[in-house]
Amino acid sequence: MTNKIQDAFDNIKADPRLTESTKRYLSEKRREKPRPQHHPVMRLAVSAACAVFFMIMGAFGYSWVLEPVSYVSIDVNPSIELALNRSNRVISAAAYNIEGEEILEGLSLRWKKYSEAIHTVIESEGMSVYLSGEGELVLTVAADENHREELEEGVSRCAGHIGHDCHNENADLGTVSQAHELGLSLGKYNACLKLLRYDSSITMEDCKNMSMAEILIRLRKLGADDVTDDAGTDDVIKENPIKTGTDGSDQNENCRNRGEDNTPLRQRKGHHGH
Amino acid sequence: MRSEDDVNQAVERYADMVQRVCLYHLKNQTDTEDVFQNVFLKYMLHEECFLDQEHEKAWLLRVTINACRDYLRNFFRRNTVSLDVLKEAEAEERKDYREVLEAVMSLPAKYKDAIYLHYYEGYSAAEIGRILGKKENTIYSQLSRARGMLRDKLGGDGFDE
C-alpha cells in the first residue's frame with residue numbers, strides 16, 4: 001500500500017504548459033519596475049502632512065459653517081439676536097431678556113436663512129403679544145464687509161414686508177462684542193448709544209434697564225426725529241431740554257431684565273436656537 | 001532577486017513536487033496554477049542562499065504548503081472547493097491510483113502533509129517536524145492517525161511505519 005501512495009503521486013506531473021507559462025510570468029515580473037521603497041521618515045512626513053491637511057480642512061469647514069460673522073438683532077421689548085455664518089444662516093439664537101427667552105422657547109431657527117428666521121420670530125405666537133399694540137420692531141444688522149450690503153438690503157426688505165411698525169438699523173460689527181459685554185443685544189445697545197448721545201444725564205446702566213420701547217420714546221421726546229439714524233453718523237449731540245434724566249426707574253419695573261451676569265438668558269440656560 | 005537561470009532551473013526541478021502539494025490541498029486546477037506561480041515568484045524574490053539542494057527543496061515544500069493553507073483560508077475559496085482536478089487530471093490514470101489519491105486528499109490537511117512528506121518524499125518524522133514547524137512526536141501521532149484513516153478507507157495492512 002505504501003508503494004501505491006508513491007505510485008499514485010508519481011503519476012501527478014506538472015503540465016508543461018504550466019511550467020512554461022510560469023517561466024513567462026516570472027520573466028515579466030522580473031521586468032516590472034520595482035515599487036519605490038519610501039523611507040520611513042518620508043512616509044511619516046507624508047502621514048503628518050495628510051493629518052495637517054485634514055485638520056486645516058476641518059478648521060476651515062468649522063469656521064465656514066460655525067463661525068458667526070454677522071448678527072441680526074430683533075428688538076421690541078423682547079431682545080433676540082441671531083448669529084449668522086458666512087452663508088447667512090443662523091448658527092445660534094440668543095435671548096437677552098426673559099421675554100426673548102419665552103419667544104425662543106420652542107422655535108427652531110438653527111440653519112435657517114436669516115430672512116426666514118426673522119419671519120419665524122416675528123410671526124411667532126409669543127411675539128404677536130408685543131406687536132399687537134404700539135410695540136415698535138427694530139431690526140439691527142452688524143456684518144462684515146463681505147456680507148454687509150446683502151444683509152442690510154435683505155433686512156431692509158424684511159422690515160418693509162413686515163406688517164408692523166418696523167424699521168431697520170445698521171451697526172458696526174465692533175459694537176457686537178461691546179453689547180455682549182454689557183449683556184445687551186446689538187439692537188438695544190445701538191439704541192442706548194443713540195440715547196446717550198442725546199441725553200448726557202443718562203448712563204449706560206440706566207439705559208440698560210429700560211425697555212426698548214422706552215428708549216425709542218425717550219429718543220423721540222428728545223427730538224431725535226429719526227430714531228433710526230445710525231448713532232455712529234449722528235454728529236449732533238443734543239442736550240435733554242426737559243431733563244427727564246434717569247427717572248426711568250419706575251418705568252423700569254415693567255422691564256424685566258436679565259440676570260446679573262452678562263450672558264444671554266437663553267444661552268445661559270444652554271439653549272440655542274435649533 | 002535570483003537570476004533567470006536559477007529560477008528556470010528550479011521551476012523545472014520542483015514543478016512536479018509543487019504540483020503534487022497543490023493538488024492534494026486545493027483539488028482545483030485553476031487554484032493550483034495561481035499558487036504554483038506564486039510559489040516560484042517567492043522563490044525568485046528570496047535572496048538568501050540555500051545550504052544545498054535539500055535545504056532548497058525543504059524551503060519550497062514549506063512555502064508551498066503555507067501558500068496552499070493561506071489560499072484555502074480565504075473565505076470565498078473555502079466554499080468553492082471541488083474535486084474536479086482529479087476528474088480532469090486523473091481521468092487517464094489507473095483506477096486504483098485514483099482511489100488512493102482520493103483517500104489521501106480526503107484526509108485533514110495536517111495529515112495529508114505528513115503522509116505525502118513521509119511516504120512520497122521519504123522524510124523522517126523529525127525532518128517533517130522541521131519543515132512543518134511541529135514537534136517530532138506530533139508528526140508521529142499525525143502519521144499514526146492518518147494511517148488508521150487510510151486503512152479504514154482503503155483496507156489492507158500495508159501502512160507500516
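In the predicted model, Asn88(A) is partly exposed, having 19 other C-beta atoms within 10 Å. A residue counts as buried at 20 or more such atoms and as exposed at 12 or fewer, so the count of 19 for Asn88(A) places this residue in the partly exposed class. The backbone of Asn88(A) adopts a positive phi of about 60°, although the residue is not a glycine. Asn88(A) lies in the loop that connects β2 (79-84) with β3 (90-95) of chain A.

A positive phi is also found at Trp111(A), again not a glycine, with a value of about 70°. The loop that holds Trp111(A) runs between α4 (98-104) and α5 (114-122) of chain A. With 15 other C-beta atoms within 10 Å, Trp111(A) is likewise partly exposed.

Strand β1 of chain A, residues 70-75, is largely enclosed by the rest of the structure, because 6 of its 6 residues are buried. In a regular strand, side chains alternate between the two faces of the sheet. In β1(A), both faces are covered. One side carries Ser70(A), Val72(A) and Ile74(A), and the other carries Tyr71(A), Ser73(A) and Asp75(A); all of these residues are buried.

The pairing of β1(A) involves two strands, β2(A) and β4(A). β1(A) and β2(A) run antiparallel and are joined by 6 bridges. These two strands form a hairpin, with 3 residues between them. The pairing of β1(A) with strand β4 (residues 137-143) of chain A is also antiparallel and extends over 6 bridges. Asp75(A) takes part on both sides: its bridge partner in β2(A) is Ser79(A), while in β4(A) it stands opposite Val138(A).

The mean pLDDT of chain A is 78, and 77% of the residues reach 70 or more. Among the elements of chain A, β2(A) has the highest mean pLDDT, 93, whereas helix α12 (residues 265-268) has the lowest, 49. Residues 229-260 of chain A have pLDDT below 50; in the model this stretch makes 51 contacts beyond near neighbours in sequence. The pLDDT is also below 50 over residues 268-274 of chain A, a stretch with 17 contacts beyond near neighbours in sequence.

Conventions. Residues are numbered from 1 along each chain as its sequence is written. Chains are lettered from A and ligands numbered from 1 in the order in which they are written. This is a predicted model: local features need pLDDT of at least 70, side-chain atom pairs count only at pLDDT 80 or more; totals for chains, interfaces and linings use all residues. Helices (H or I, at least four residues) and strands (E, at least two) are DSSP runs, numbered from the N terminus. pLDDT is the predictor's confidence in each residue, from 0 to 100. Two residues are in contact if their C-beta atoms, placed from the backbone, lie within 7 Å. Two strands pair if DSSP finds at least two bridges between them.
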